[in-house]
Amino acid sequence: MNTLDKFHNWRRKLRWDKQYAKGRWDSMKTSKELSRYSTIIGYLTILGKENPSILDLGSGEGVLNEKLPAHYMYNYFLGIDFSKVSIEKAKAKEFPNAEFQCKDIHTFTPERKFDVIIFNEVFYYVHEKERVKVLEKMIDHLEDDGIIISSIYREAPHLWELFNQRLEKINFVTVRTEEELRYWQIGVYCKKGSENNDEPAS
Ligand SMILES: C[S@@+](CC[C@H](N)C(=O)[O-])C[C@H]1O[C@@H](n2cnc3c(N)ncnc32)[C@H](O)[C@@H]1O
């Protein structure tokens, strides 16, 4: 990103902070978004390994974590978000085995590998010049038998192409709601050649 891009990114961060402070994103917790979280959690529990380590990129105030079933266990959960306000809210929830850190996805480098990496409504916020770099960095920090789950609002073929080129698709779904224009596409991927994808080749 050049200096101007960095400036815009910084302004966006301030905007997110203000919105989180005002409760603008409380709608994420309502039933309107439930089918999206349910699908992600379904993939996580069915296709992810037991007791995984999870990296939630752009975790916000930890809504995904909040929606996980009480019996679901992970050995470590790291949520990162560049909004300090959202991270403070997530930390206050004191999820067990979970950490939340204020980091910008553009510059964040994980210190370990993860079994599950989640881009939940965040990939389109990554600057277009940085998307490949960010995705490839995350793939480098995915365990060989790990999965990446991504949720993207409405249609974004140019973004899915980046996932499809670098990873093997395990499953892909369009999650619709009663509102015609409120829908998401959610994909689950593994590393190319990973035994995680046991679907017969078509
Ligand atoms: C639509 S919200 C989704 C929040 C959460 N993943 C969920 O679905 O509940 C997008 C989130 O991405 C975060 N975000 C946007 N740009 C980011 C960046 N450059 N680095 C880290 N987080 C970012 C925002 O602060 C916000 O919390």
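Trainee: Which residues come nearest to the ligand?
Mentor: This is a predicted model, in which local features need pLDDT of at least 70 and side-chain atom pairs count only at pLDDT 80 or more, while totals for chains, interfaces and linings use all residues. Residues are numbered from 1 along each chain as its sequence is written, and side-chain values use heavy atoms, with hydrogens and water left out. A residue is near a molecule if one of its heavy atoms lies within 4 Å of it. There are 21 residues around the ligand, and the nearest are Tyr-20, Tyr-37, Gly-58, Asp-81 and Asn-120.

Trainee: Which residue has a polar backbone atom 2.9 Å from a nitrogen atom of the ligand?
Mentor: A polar contact is a pair of N or O atoms within 3.5 Å; within protein, one must be able to donate a hydrogen and the other to accept it, and residues adjacent in sequence count only if both atoms are side-chain atoms. For Phe-82, the distance from a polar backbone atom to a ligand nitrogen is 3.2 Å. Arg-36 has a side-chain N or O atom 2.9 Å from a ligand oxygen. The backbone atom 2.9 Å from a ligand nitrogen belongs to Ile-105.

Trainee: How much of the area that the ligand exposes alone does the protein bury?
Mentor: Accessible areas come from the Shrake-Rupley method with a 1.4 Å probe; for residues, only the protein chains shown count as cover. Taken alone, the ligand exposes 590 Å², and the protein buries 98%.

Trainee: How many residues apart in sequence are the parts that Asp-5 and Lys-129 tie together?
Mentor: A salt bridge is a side-chain nitrogen of Lys or Arg within 4 Å of a carboxyl oxygen of Asp or Glu, and the count by this rule is 11. One of them joins the side chains of Asp-5 and Lys-129, at 3.0 Å from N to O. Because Asp-5 is in helix α1 and Lys-129 in the loop between β4 (114–120) and α5 (131–140), the pair links parts separated in sequence by 124 residues.

Trainee: Is Asp-5 buried or exposed?
Mentor: Buried means under 20% relative accessible area, exposed over 50%, and partly exposed in between, with a 1.4 Å probe and protein chains only. Lys-129, at 54%, counts as exposed. Asp-5 has 12% relative accessibility, so Asp-5 is buried.

Trainee: Which residues form the nonpolar patch on the surface?
Mentor: Patches are made of residues with over 30% relative accessible area and no salt bridge; like charges are joined within 9 Å, and nonpolar side chains (Val, Leu, Ile, Met, Phe, Trp, Tyr) within 5 Å. Trp-10 is in helix α1 (residues 3–22) and has 45% relative accessibility, so Trp-10 counts as partly exposed. With about 400 Å² of accessible area together, the patch consists of Leu-4, Phe-7, Trp-10 and Leu-14.

Trainee: How many helices and strands are in the protein chain?
Mentor: Helices (H or I, at least four residues) and strands (E, at least two) are DSSP runs, numbered from the N terminus. Along the sequence the pattern is α-α-β-α-β-α-β-β-α-β-α-β-β. The protein chain has 6 helices and 7 strands.
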